[in-house]
Amino acid sequence: MKPYYEEDVLVEKVQSGEMDMVGYVTHHSEEWDDEYREYCNQYGYDVTAESSALNFLDLKDRELQEAMDEGYL
């Protein structure tokens with residue numbers, strides 16, 4: 001089973017070069033891992049491409065901003 005890490009551990013792994021952004025997304029949580037694969041399949045993105053992971057993170061950022069704007073957070 002794939003390990004999932006806390007946010008601070010993920011950031012440290014990316015900053016140290018131990019992990020790229022694809023790893024960041026796919027080791028964030030089981031939910032994000034599944035969601036990322038579905039997202040890539042839906043839009044025809046390569047799940048191994050850094051650009052796909054960055055696009056996914058942009059989506060998550062927009063979702064967070066919308067939730068904050070609507071008073072959910």
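Lys-60 is buried, with a relative accessible area of 15%; buried means under 20% relative accessible area, exposed over 50%, and partly exposed in between, with a 1.4 Å probe and protein chains only. The structure is a predicted model, in which local features need pLDDT of at least 70, side-chain atom pairs count only at pLDDT 80 or more, and totals for chains, interfaces and linings use all residues. Residues are numbered from 1 along each chain as its sequence is written, and side-chain values use heavy atoms, with hydrogens and water left out.

**Salt bridges**

Side chains of opposite charge can pair when their charged atoms come close. A salt bridge is defined here as a side-chain nitrogen of Lys or Arg within 4 Å of a carboxyl oxygen of Asp or Glu. By this rule the model has 5 salt bridges, including those in the table.

| Pair | N to O distance |
|---|---|
| Lys-2 and Asp-33 | 3.0 Å |
| Lys-13 and Glu-18 | 2.7 Å |
| Lys-60 and Glu-63 | 2.9 Å |

Lys-2 and Asp-33 form a salt bridge. Lys-2 lies in the segment before α1 and Asp-33 in helix α3, so the pair ties together parts that are 31 residues apart in sequence. Helices are DSSP runs (H or I, at least four residues), numbered from the N terminus. Lys-2 is partly exposed at 27% relative accessible area, whereas Asp-33 is buried at 6%. Lys-2, Asp-33 and Arg-37 are linked in a network of salt bridges.

In the pair of Lys-13 and Glu-18, Lys-13 is buried at 15% relative accessibility, while Glu-18 is exposed at 56%. Lys-60 and Glu-63 both lie in helix α4, 3 residues apart, which is about one turn of the helix. Glu-63 is partly exposed, with a relative accessible area of 34%.

**Loops and polar contacts**

Ser-29 is found in the loop between α2 (21-26) and α3, and is buried at 19% relative accessible area. The side chain of Ser-29 reaches the backbone nitrogen of Trp-32 at 3.0 Å.

Thr-48 is located in the loop between α3 (30-43) and α4 (50-69). At 57% relative accessibility, Thr-48 is exposed. The side chain of Thr-48 makes a polar contact (a pair of N or O atoms within 3.5 Å; within protein, one must be able to donate a hydrogen and the other to accept it, and residues adjacent in sequence count only if both atoms are side-chain atoms) with the side chain of Asp-46, at 2.7 Å. Thr-48 and Thr-26 are 22 residues apart in sequence and 10 Å apart in space, C-alpha to C-alpha.

Notes:
Helix = DSSP H or I, 4+ residues; strand = E, 2+ residues; numbered from the N terminus.
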